[in-house]
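Subject: Structure handover

Hello,

Here is the structure I promised. Please open it first, then read my notes below.

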Amino acid sequence: MTDLKDAIHAPDATWQDDVRRGVRHVRDLDRLPLSPAERQAAQEAASRHKVRVPKTYLDLIDWDDPADPIRAQVIPSPGELEEADGELGDPIADHDFSPVPRLTHRHADRVLLFPTYQCAVYCRFCFRKESLTSIGRGYTREAQEPALAYIADHPEIREVILTGGDPLSLPDSALAEIRASIEAIAHVRLLRIHTRVPVALPSRITSGLVAALQGRLMVTVVTHFNHAREITAAAETACRTMRQAGFVLLNQSVLLKGINDSVEALEELCRELMYRLGVKPYYLHHGDLARGMAHRRTTIAEGQALVEALRARLSGICNPVYVLDLPEGGGKVPLGPCPIEGRDGETWRIRGLDGEVRTYREIVKA
Ligand SMILES: *Cc1c(COP(=O)(O)O)cnc(C)c1O
Ligand code: SF4
C-alpha cells in the first residue's frame, strides 16, 4: 500500500468509507450543486491541482451559501485560473534548498521530509500545489533512502518535519516504518507532522495510527484548521486521541480572503482551537505568491489590523504569530504591527495594548 487510493480497500474502518464516498475525481463534482462558473472552472482547475474531498468534509458545506468558507477551500473556482504577474510556482523556494530528493534543508536544526506528494484533501490555495501536481508520487521505502542518509550525515538536525503532501494520508505501516527509520538516527529529537487530516478526515486518527508514531521521539502534530466551522465533534475526538497519546498539538492557518479574513472568524477559530481542541494556534500565514491565488490574498496592512484586534480580544496562548514565508527561502518572518514608536538613548517609546504610548527606560548594570 502506498496511498489512500489503495488503503481504502482495507475492510475494517470508517475512514475508508469517508474517502470512498467523497469527491475523488473531478467527475465526482458533477453530482454536486455547483454554480455554472464553478462547473466550468472545475475541469481546467483540476488539471492544475487535483480535486479530492472526503465525505465528512463535503458534508460541512452549506450549499445555499455561495461564499461558504468550507466550499471555498476545496471546490475549484474560476479565480484559480487567473494567474498574476509575479506569482510563483515554488513560492518559498523549497526546491532551491533541496540537497537530495524529498528533503528541504533551510534551517540548520530542522528539515522538511516529503514521504508522499498525495493528500487526503486538496486545498485550492495550497502553496505546494505545483509540486504536488508535477511530482505526484506516493510513498516507497526506497524513495526515502537518500533523505534519510542525508539526515544521518547531518548531526545538527534535531527536528524532522513530515510534510508533503499529507503524511497522515499514508497507511499505518508506512508511518511506522518512517518513524522507526528516523528514530534510529540518534541526533534526531523530535518528529513533527504537518497535516490537514484532523480537519478533513478526522476519522483517520485511529489508535493504530497513533501507535505507529509512538516511540523514542517527541511528537508534535501541526494541524491546519482555517475556520471554526471545521471544528467538529469528529475533529475533537481526533485531537483528544492525539493529546492522550502525549503528542503536542499546534495549528497553522492561512489568512484567506473571503474565508477567514474577519476579526470574528479568526477570534472564534483561535479560541475554539485552544479551548475546545487543546490545539495551540501557532502561525497565521499571510498569503504566499502561489499562482492563481490573488483572489484569496489580503493586503499585509489588513492582516496587521486583524492580528492587532485579535491580540486585544484573546489571551496570549490563543494568539498565533502572523508570519510571511518570504520568497527565495527567506524564511518565516513575523509581520505583526510593531509597537515600538521610537527611542531616545535608553528610553524607548512603546505603544501599549490600550493604544497609549508609554516609555520604558533601560536600566542595566554596567
Ligand atoms: C516552515 C519551515 C520549517 C519550520 O519552521 P518553524 O518556524 O520551526 O515552524 C522548517 N523548514 C522549512 C524549509 C520551512 O519552510
Ligand atoms: S493538505 Fe496541505 S499539502 Fe495537501 S493540498 Fe492541502 S494545503 Fe496542500
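Start with Arg-102, which counts as buried because its relative accessibility is 6%. Buried means under 20% relative accessible area, exposed over 50%, and partly exposed in between, with a 1.4 Å probe and protein chains only. Arg-102 lies in the loop between α5 (71–74) and β1 (103–107). Helices (H or I, at least four residues) and strands (E, at least two) are DSSP runs, numbered from the N terminus. Arg-102 is not a glycine, yet has a positive phi of about 70 degrees. Most residues other than glycine have a negative phi, and most peptide bonds are trans.

A word on the source. This is a predicted model, where local features need pLDDT of at least 70 and side-chain atom pairs count only at pLDDT 80 or more, while totals for chains, interfaces and linings use all residues. Residues are numbered from 1 along each chain as its sequence is written, chains are lettered from A and ligands numbered from 1 in the order in which they are written, and side-chain values use heavy atoms, with hydrogens and water left out.

Backbone, continued

Glu-328 also has a positive phi, near 60 degrees, and is a residue other than glycine. Is Glu-328 buried or exposed? Glu-328 counts as exposed, because its relative accessibility is 70%. Its place is in the loop between β8 (321–326) and β9 (331–334).

Next, a cis peptide bond. It joins Gly-164 and Gly-165, with omega at about 10 degrees. Gly-165 sits in the loop between β3 (159–162) and α8 (172–183).

Ligand 2

Gly-165 comes up again here, as one of the residues around ligand 2. To be near the ligand, a residue needs a heavy atom within 4 Å of it. By class, the shell has six nonpolar, two polar and one charged residues. Ala, Val, Leu, Ile, Met, Phe, Trp, Tyr, Cys and Pro count as nonpolar, Asp, Glu, Lys and Arg as charged, and the others, Gly among them, as polar.

Helix α7

Does the length of α7 agree or disagree with what its residues should span? It agrees: at 1.5 Å a residue, the 13 residues (141–153) should span 18 Å, and the end C-alpha atoms are 18 Å apart. The expected span is 1.5 Å times one less than the number of residues. Still, α7 has a kink of about 30 degrees, centred on Ala-147. The bend at a residue is the angle between axes fitted to the seven residues ending there and the seven starting there. Ala-147 is buried, and so are Gln-144, Leu-148, Tyr-150 and Ile-151 of α7.

Separations along the chain and in space

Arg-192 is in strand β4 (residues 190–194). At 9% relative accessibility, Arg-192 counts as buried. Val-111 is 81 residues from Arg-192 in sequence, and 9.9 Å from it in space, C-alpha to C-alpha.

Arg-48 belongs to helix α3 (residues 36–48). It is partly exposed, at 32% relative accessibility. Arg-48 and Ser-134 are 86 residues apart in sequence, and their C-alpha atoms are 8.9 Å apart.

Thr-56 is in helix α4 (residues 55–58). Its relative accessible area is 31%, so Thr-56 is partly exposed. From Thr-56 to Arg-21 is 35 residues in sequence and 8.9 Å in space, C-alpha to C-alpha.

Glu-308 is in helix α13 (residues 300–313). It counts as partly exposed, at 40% relative accessibility. How far apart are the C-alpha atoms of Glu-308 and Tyr-275? They are separated by 21 Å, and the two residues are 33 apart along the chain.

Best wishes
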